[in-house]
Amino acid sequence: MIKVLKLLTVGSLIASSSLYAVSTSACVGCHGANFEKKAMGQSKVVKDLSKEDIVKALKGYKDGSYGGAMKAMMKGQVASLSDADIGAMADVIKGGGAKKADDKKADDKKVQTPKKAELIDINAKASDAKRIEKEDLGNKKVVSEETLGLRKTNLYKEDKDTVGVKTDYSRPAPGQSTKFERAYVNAPPMIPHSVDGLLPITQNNNQCLSCHMPESAKAMGATPIPVSHFTNYRPTTVYKNGELVKEGKVVGIQKGDELGNVSDIKIAKPKKSDKLYQGRFNCSQCHAPQAKVDTDVANTFKPDGLDDKHKAHSTLADAMNEGVE
């Protein structure tokens, strides 16, 4: 009997340690503090599922055998979880204590959550006057190979001490990280979170839209997709009576038409829609994962007009016709 009690005690301790070894902090943004919400308005209410169903779903997301529209995003979230982690997470959820478990874990380790920075200035060190002066080759009597190279290290070795600064793109989950300010007015903002499970973007799978569509962005704490992405600026083009017609004007010089080439059309009439324009559907063609790393060379670039408004918001749609109309 004593032996049985000891085994039960040890088993309880193991289960308890597993329970607090996993964190659900990355989940609560979409699912709620106690998993009472439908994530993005699409998922099942997780707290209403049985523990067995939760384990089955998480394992299915991990091996790709389970899920619908959010399949790719969830696979990235659970990729590093072991079967024990998944079981412990299910225990946390069914105990109604997702938030309590994370609070307990933080208390045990006496972790103080740092206050998030508003925005990180991406230009601060690149335009540093002392660095620019130091790297000015015109002031040097002798220019070494290392000085000429972007690496600023031995060019003939490839060991870890000579390859220069490595860029680390590993980021926290969506909603958990700080942001860089834009490098210049209307620069495409960088992606502040992990993109594991979100790429590649395909015609039938764009997980970015789940958080960044204007109607859901505020609730998710995400940057809303701007109006320019819902606007088609390309000229309306048709082939009519054997001629190419753009914006109602014939294009070509073979018959003395009024337009010599396509570039003579300065800008098309914007055509706004309530749906995302497909020419801007592939988010990662402009937006890239961010990393905090010094630039390879110092520079004197100064972004004109990058005030507080432009550091975090796009005004591209308002400025699209500047210098044309």
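Colleague: Which residues form the nonpolar patch on the surface?
Modeller: This is a predicted model, where local features need pLDDT of at least 70, side-chain atom pairs count only at pLDDT 80 or more, and totals for chains, interfaces and linings use all residues. Residues are numbered from 1 along each chain as its sequence is written, and side-chain values use heavy atoms, with hydrogens and water left out. Patch members have over 30% relative accessible area and no salt bridge; like charges are joined within 9 Å, nonpolar side chains (Val, Leu, Ile, Met, Phe, Trp, Tyr) within 5 Å. With about 250 Å² of accessible area together (Shrake-Rupley method, 1.4 Å probe, only the protein chains shown counting as cover), the patch consists of Leu137, Val143 and Leu148.

Colleague: Is Leu137 buried, partly exposed or exposed?
Modeller: Leu137 sits in the loop between helix 7 (129-134) and helix 8 (145-148); helices (H or I, at least four residues) and strands (E, at least two) are DSSP runs numbered from the N terminus. Buried means under 20% relative accessible area, exposed over 50%, and partly exposed in between (1.4 Å probe, protein chains only). The relative accessibility of Leu137 is 33%, so Leu137 counts as partly exposed.

Colleague: How far apart are the end C-alpha atoms of helix 3?
Modeller: The expected span of a helix is 1.5 Å times one less than its number of residues. Helix 3 (residues 51-63) has 13 residues and should therefore span 18 Å. The model agrees, with the end C-alpha atoms separated by 18 Å.

Colleague: What kind of aromatic pair do Tyr61 and Tyr66 make?
Modeller: Rings of Phe, Tyr and Trp (its six-membered ring) pair if their centres lie within 6.5 Å; planes under 30 degrees apart are stacked, over 60 edge-to-face and the rest tilted. Tyr61, in helix 3, is buried at 15% relative accessible area, while Tyr66 is partly exposed at 27%. Their ring centres are 5.1 Å apart and the planes stand at 90 degrees, so the pair is edge-to-face.

Colleague: Which residue has a positive phi in the hairpin of strand 3 and strand 4?
Modeller: Strand 3 (residues 243-246) and strand 4 are antiparallel and share two bridges, with Lys246 having Lys249 as its bridge partner. Two residues lie between the strands, and the one with a positive phi, near 50 degrees, is Glu247.

Colleague: Is Arg131 buried or exposed?
Modeller: Arg131 forms a salt bridge with Glu135, the closest N and O atoms being 2.7 Å apart. Glu135 is partly exposed at 25% relative accessibility. Arg131 has 17%, so Arg131 counts as buried.

Terms used:
Pairing = 2+ DSSP bridges. Salt bridge = Lys/Arg side-chain N within 4 Å of Asp/Glu carboxyl O.
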